[in-house]
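Trainee: Could we go through this model together? I would like to begin with the backbone and then move to the rings.

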Amino acid sequence: MKRLYPIYINKKSPCYSKDHLGNSGCPAENDIPRFLHLVSLRRFEEAFYVLKKTNPFSGGCGRFCDHPCETACNRAKFDMPVDIKALERFVADWGYKNGLKPIKYVSENVGKNVAVIGSGPSGLSVAYFLAQYGVNVDVFERHKSPGGLLVEGIPRYRYPLDVFEKELNYILDLGVKVHCNENINKSKFYNLASEYDAVVIATGAHKPFKLNIEGEDLENVLHGIEFLRGINVDGENPIKEGEQIGVIGGGYTAFDVARVAVRLKGEPTVIYRRTVAEMTAHPGEVEESKREGVKFEFLLQPVKIEKSNNNKLLLTCQKMKLGPVDESGRRRPVPVKGEYKTFEFDKIVLAIGDEPDLYFVGEKFTIEFPKIICSDLPEEFIDKIFITGDAASGAVESTGMVVRAVGLARKTAKEILRYLNIEFQEDKKRDIAYYNTLNLKYFEKSHRLIEEKLDFKERKYNFKEIVKTVDEDTAVLFAKRCFFCGICIQCDWCYRYSDGSIAKHEVDWDPKHDACFYTFIKEKVSGSTFKSVEACPRSALSVIDENSENFEHVLEQYKSLDEIKGVKNDK
C-alpha cells in the first residue's frame, strides 16, 4: 500500500486559469491571489512586480479590461467577486507614482535581434517579454506614434494618455526601440526576415468589416477605429454640435464611438441587431452610456444607406426578432418579414468589427500560432517568422481585448525564446483550487467596492477620466476580501488542527511559488495531520504518495524532531 503524505503546494485560482464550468479567467494569467495578498499586507512594490511579470499594461487593464477574472472568481459564487480590476489599477498607479523600474531576468545582452511589426498591445508586449531576457528588440510602427489600439481606439476618458506614456516608457526602459513612420511592405518584410534572428507580426486587426449594403461607401459613412483615431491621435473633431450620429454595432468600439460623440456635442444613436443581453460590451456600458446621452435602438439590421433630399443620410433597417442560439452562444437575429424602420443621420459610423490585413507577408501563408508559414519567403527564413495578438486570431468576438493580446504575446515570446535557445523559467502545471475545494466556514459575506466616479454633469463635453483610483487604505481593505485560492498565507488553521504534528516558521510571508511556512514533524504525523489538509480554507495543502512528481516537497517539508531542533542525529 502506498504511503500518503500531506504537503504544501500552490494551486492555481480560477481567476487566472478557469473555473469549474470552463469559464476562462485572466488571458494574461496574472497571478491574482498573490498580488492581492501583497496588497493586503501593504507590500505594494512587490505586488506591482508580480503583475508586471505577466502584463506590461496593468495600468491600462486596470481601467478598460473586460475583467473575465471577476466572472471566474470563486468569491462570485459565495457573495460577490473581488474587485480585481480596481486593485490592479491601484497597484499599477502606485508603482508608476513611486518610479519603479522594470526588472531584467538576464542582465547581459544575449546577442539576438528580433524585429516586431506593429506597436499595439501585442507588439509592445512581445517586445517587453523578450527584452527581459536580454534580446535586442526593434519595433516598427507605420503611424507617427506608437500604441496602436491603445492610443488610437481607446478614448482618453477611459485610458488617459499620460498613463499609456508611463507604460510605454516602462517598456522602453528595457532597451526596446520603436521606429515610427515605418510602413512595412513586401520588400521591407523580406529585408527584416533576412536581417533579424526572428520577426514577429503584431499588426492587430484594423481592416474594417463591411456591411455589404448599398450606400456604405457614401461620404460621411465612417468606420469606428478610423473615427476614433482621428480624434484621439490627430486631434480632429468630425462632429458639429447637434449632429445626429448613427452608430452601428454592439461592442466596445460602438460604445466608445457613441460616448465620444456625446462629448463632442453630437447626438448619437446606437443601432444593434440583437438586444442588450447579447451585446459583447459589458452590461454596465449601456446604463452609463444612456445617462451620458446615448440613445439605443435594438433588433434592427441596416439594409440600405442613401442620400436624403437635404444632403443627410437615410438609414433603412430591417426589423429583427431573436431566434435560436448560434455558434457565438447568443440568440441569432431573424428578420421580421416586411417590417422596416428608417432613420435620418448627419453621419453614420460602422463599428461592426475589424480583421487583420497581412498583405505584406506574400500571397501564400498559413497561421499555425504562434508561427506563420510564409511560403513566398526563401526556405531559410520561414522558421523565424512568428505572429501574435489579433493578427494571429483574426476577427473573433474578443478582437480588440487588450489583455487577450498580452496573453498571446507572452505565449509567442516563449516560443521565440525556445527558438533562439534562450533559457527561461517554464510555468509549472498545477491543479486548480475550484470553489468546491475551499473550506468556506472561515469566510463571512461582504460587499464589493463601489468605485468613485465622475458625476455625469462633470463628464459633459470633456474627456476627463471617469473612474478614480482607490486610496491605499481602501485597496488594503478590499484586497482582504480575496479567498487567496490555492496559496498559503500563514493563516495557521493547519497548525491549529495538527495536534502538534506541524511546526510553524516565524518568518514573513514570501510570494515565491511553493514557499513553505510550516514543517511536518515526522514522528508526529497522524490522522490530525490529514485533518489539517481538510481545515485549510483555501486548498493550499494536498495529499500525495511516494510516486508523485511533487515528492520533492516531502523531502523539503518533512523533518525529524532532531532536525527541527538543529541537533545532528547519529543514529
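Trainee: What should I know about the model and the numbering?
Mentor: The model is predicted, so local features need pLDDT of at least 70 and side-chain atom pairs count only at pLDDT 80 or more, while totals for chains, interfaces and linings use all residues. Residues are numbered from 1 along each chain as its sequence is written, and side-chain values use heavy atoms, with hydrogens and water left out.

Trainee: Which peptide bond is cis?
Mentor: The bond from F369 to P370 is cis, with omega near 5°. P370 is in the loop between strand 16 (365-368) and strand 17 (371-374). Helices (H or I, at least four residues) and strands (E, at least two) are DSSP runs, numbered from the N terminus.

Trainee: And where does R42 lie?
Mentor: R42 is in the loop between helix 1 (32-40) and helix 2 (44-52). Its phi is near 65°, a positive value in a residue other than glycine. N181 also has a positive phi, near 55°, and lies in the loop between strand 4 (177-179) and helix 9 (186-195).

Trainee: Is N181 buried or exposed?
Mentor: N181 is exposed, because its relative accessible area is 57%. R42 counts as partly exposed at 41%. Buried means under 20% relative accessible area, exposed over 50%, and partly exposed in between (1.4 Å probe, protein chains only).

Trainee: Changing topic, which residues of helix 12 are buried?
Mentor: In helix 12 (residues 283-292), the buried residues are E285, V286, E288, S289 and E292. Their cover includes helix 11 (252-263), strand 10 (295-298) and helix 16 (456-459); contact here means heavy atoms within 4.5 Å. An α-helix has 3.6 residues a turn, so residues three or four places apart point the same way.

Trainee: What comes just after helix 12?
Mentor: G293 follows, with a positive phi of about 120°.

Trainee: Now the rings. How many aromatic pairs are there?
Mentor: The count is 29 aromatic pairs. Rings of Phe, Tyr and Trp (its six-membered ring) pair if their centres lie within 6.5 Å; planes under 30 degrees apart count as stacked, over 60 as edge-to-face and the rest as tilted. Y5 and F551 are edge-to-face, because their ring centres are 5.4 Å apart and their planes stand at 80°. This pair links distant parts of the chain, 546 residues apart: Y5 is in strand 1 (residues 4-8), and F551 is in the loop between strand 21 (541-545) and helix 20 (552-557).

Trainee: How accessible are Y5 and F551?
Mentor: Y5 is buried at 11% relative accessibility, whereas F551 is partly exposed at 22%. For F296 and F298, the ring centres are 5.8 Å apart and the planes at 5°, so that pair is stacked.

Trainee: Which residues form one aromatic cluster?
Mentor: The cluster consists of Y5, Y8, Y518, F520, F551 and Y558.

Trainee: Which residue lies over the face of Y170?
Mentor: K52 does, at 5.0 Å from the ring centre. K371 lies over the face of F386, at 5.0 Å from the ring centre. A charge sits over a ring if NZ of Lys or CZ of Arg is within 6 Å of the ring centre and within 35 degrees of the ring normal.
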